[in-house]
Amino acid sequence: MDSLFGTLLQPRSWDRCDIAPASRVTIGEDGKIAAVGAGAPAGSDAVGGEGCWILPGFIDAHLHLPQWDCRGLDGLSLFDWQKQVAYPAEERFADPDCAERVAEEFVGGMIAHGTTTVAAFGSPFPEATDRAFRVFERRGLRAVFGLMLNDMHVPERLSTPAGRALESAGALAARWHNQGGGRLQYALCPRSATCCSKELLRGVAALAESIGAHVLTHIAESEAVESAVRDMYPDLLDDVDLFAETGLLTRRTLLGHGVCLSDSLRRQVAETGAAVVHCPTANLFLECGLMDYLGERQAQIPVALGSSVGAGPEPFMPQVAVACLQTAKALKVRAIPRGSYTAPRPAEGWWLLTGGAAQALDMGDRIGALEPGYEADCLVVRPEPWIAGLAPEQQVSALLYTLRPHHIEHVYIAGRRVGP
Ligand SMILES: [Zn+2]
């Protein structure tokens with residue numbers, strides 16, 4: 001049973017992030033937080049101490065495991081990036097040993113960056129996906145993860161007919177869904193509207209519902225994608241329509257990007273309870289656009305953040321939250337009339353990385369908070385010392401902007417120390 005001691009950062013809601021100096025977090029034998037209180041723990045073996053902060057672990061709600069070692073390859077449009085970077089990265093995973101090696105590097109990278117929960121896409125290869133789950137199980141990462149599903153408009157080696165793809169997904173789900181003490185969740189991962197037949201999408205919706213699994217996919221990522229969807233389905237308006245018709249939009253669905261959602265589409269998404277995963281770094285990297293974050297929030301869509309590795313070059317989630325704030329500021333300074341757009345405050349950035357993301361993942365009662373009864377997914381960090389001398393609201397801001405991976409001293413997931 002470990003006891004952590006330091007300044008607690010407790011994101012509570014969209015506009016509230018509390019700071020509790022000189023506090024302790026006690027982790028129970030069951031991997032959950034047993035107690036949170038003021039003062040140092042009894043005994044001398046507490047983890048942390050003077051100068052340390054305790055944070056909930058970060059949640060990255062959209063990224064691609066096979067693209068871990070393909071970050072930062074600039075200069076391509078979305079479609080060219082898919083052809084030249086993303087698809088070759090996945091094709092390697094036909095070799096399970098290669099897949100396992102990248103999965104090891106991915107998990108090491110996540111833990112080193114303080115990410116304790118991922119909602120991530122795998123490759124279309126069942127053996128590679130099984131190996132990745134084995135790595136997650138052994139090393140302790142919390143993961144919502146699955147086989148990439150697509151049966152059209154991808155290179156032949158990555159395409160699997162709908163029936164066989166769903167069979168493989170069902171077998172992997174039977175093996176991994178809710179395993180690892182509930183830490184591992186199988187997810188259905190149809191790549192996108194243009195790469196999946198209606199037959200595949202309907203099968204995904206049925207399988208997800210029957211086992212209570214998440215669906216991870218991409219939506220409205222760029223104008224070019226939207227026009228491709230319209231060319232494929234002249235009778236439908238866009239990918240929201242297609243996903244609604246095939247039953248894919250539920251409160252366990254995570255829609256990556258959503259750059260080009262109009263107000264009416266946002267209302268349509270909001271009614272289903274599906275979440276949008278904002279990927280501000282990738283949206284800029286591939287020049288897909290500046291997502292209207294305020295529009296998503298006003299539509300009351302659940303929102304989480306995604307590093308979108310590898311189209312997003314930055315796996316460190318506080319910097320992804322900073323990019324979310326900066327993107328909104330860019331829209332704010334260009335807004336006409338002046339003052340008609342507001343950018344989120346740093347407290348909201350922390351919420352998006354922790355409790356808010358947990359709610360978007362429909363896991364808000366288990367992770368994302370330093371509270372008794374929650375899974376002990378937490379970080380012990382030693383940030384720059386001057387932050388401790390600031391007023392509380394300034395601390396919330398300065399910590400978000402200046403925290404770096406090398407400040408992380410310990411990472412706990414489900415009460416187990418997993419690194420860095
Ligand atoms: Zn993606």
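Guide: H2 passes H3 in a right-handed crossing. The model is predicted.

Visitor: How is such a pair of helices described, and what are the values for H2 and H3?

Guide: Two packed helices are described by the angle between their axes and the distance between the axes. Here the axes of helix H2 (residues 96-112) and helix H3 (residues 126-139) cross at roughly 35° and come within 9 Å.

Visitor: Which residues in H2 and H3 meet?

Guide: From H2 they are Pro 96, Ala 99, Glu 100, Ala 103, Glu 104 and Val 107; from H3 they are Glu 127, Ala 128, Arg 131, Ala 132, Val 135, Phe 136 and Arg 139. By class, this contact has eight nonpolar and five charged residues, and no polar ones.

Visitor: Which domains does the chain have, and how many residues of each are in contact?

Guide: The domain assignment gives domain 1 (3-56 + 367-419) and domain 2 (58-334). Their centres, taken over C-alpha atoms, are separated by 29 Å. In the contact, 15 residues of domain 1 face 17 residues of domain 2. On the side of domain 1 that touches domain 2, helix H14 (392-402), strand S15 (408-413) and strand S16 (416-419) each supply at least two residues. The residues of that side divide into eleven nonpolar, two polar and two charged.

Visitor: What is Ala 304 in contact with, beyond its neighbours within four places in sequence?

Guide: Its contacts are Ile 59, Ala 61, Ala 275, Val 277, Leu 352, Gly 356, Ala 357, Ala 360 and Leu 361. One of these, Leu 352, is among the buried residues of H12. Helix H12 (residues 346-353) is mostly covered, with eight of its eight residues buried.

Visitor: Is Pro 66 buried or exposed, and why?

Guide: Pro 66 lies in the loop between strand S5 (58-64) and helix H1 (78-91). Pro 66 counts as buried because 30 other C-beta atoms lie within 10 Å, and the cut-off is 20 or more. Leaving aside neighbours within four places in sequence, Pro 66 is in contact with Ala 89, Glu 90, Phe 93, Val 102, Gly 122 and Ser 123. Pro 66 and Ala 86 are 20 residues apart in sequence, and their C-alpha atoms are 8.0 Å apart in space.

Technical notes
Residues are numbered from 1 along each chain as its sequence is written. This is a predicted model: local features need pLDDT of at least 70, side-chain atom pairs count only at pLDDT 80 or more; totals for chains, interfaces and linings use all residues. Axes are lines fitted to C-alpha atoms, for helices over the stretch in contact, and angles run from 0 to 180 degrees between N-to-C directions. Helices (H or I, at least four residues) and strands (E, at least two) are DSSP runs, numbered from the N terminus. A crossing is left-handed if the near helix is turned anticlockwise from the far one by less than a right angle, and right-handed if clockwise. Two residues are in contact if their C-beta atoms, placed from the backbone, lie within 7 Å. Ala, Val, Leu, Ile, Met, Phe, Trp, Tyr, Cys and Pro count as nonpolar, Asp, Glu, Lys and Arg as charged, and the others, Gly among them, as polar. A residue is buried if 20 or more other C-beta atoms lie within 10 Å of its own, exposed if 12 or fewer, and partly exposed in between; C-beta atoms are placed from the backbone. Domain bounds come from an automatic or database domain assignment.
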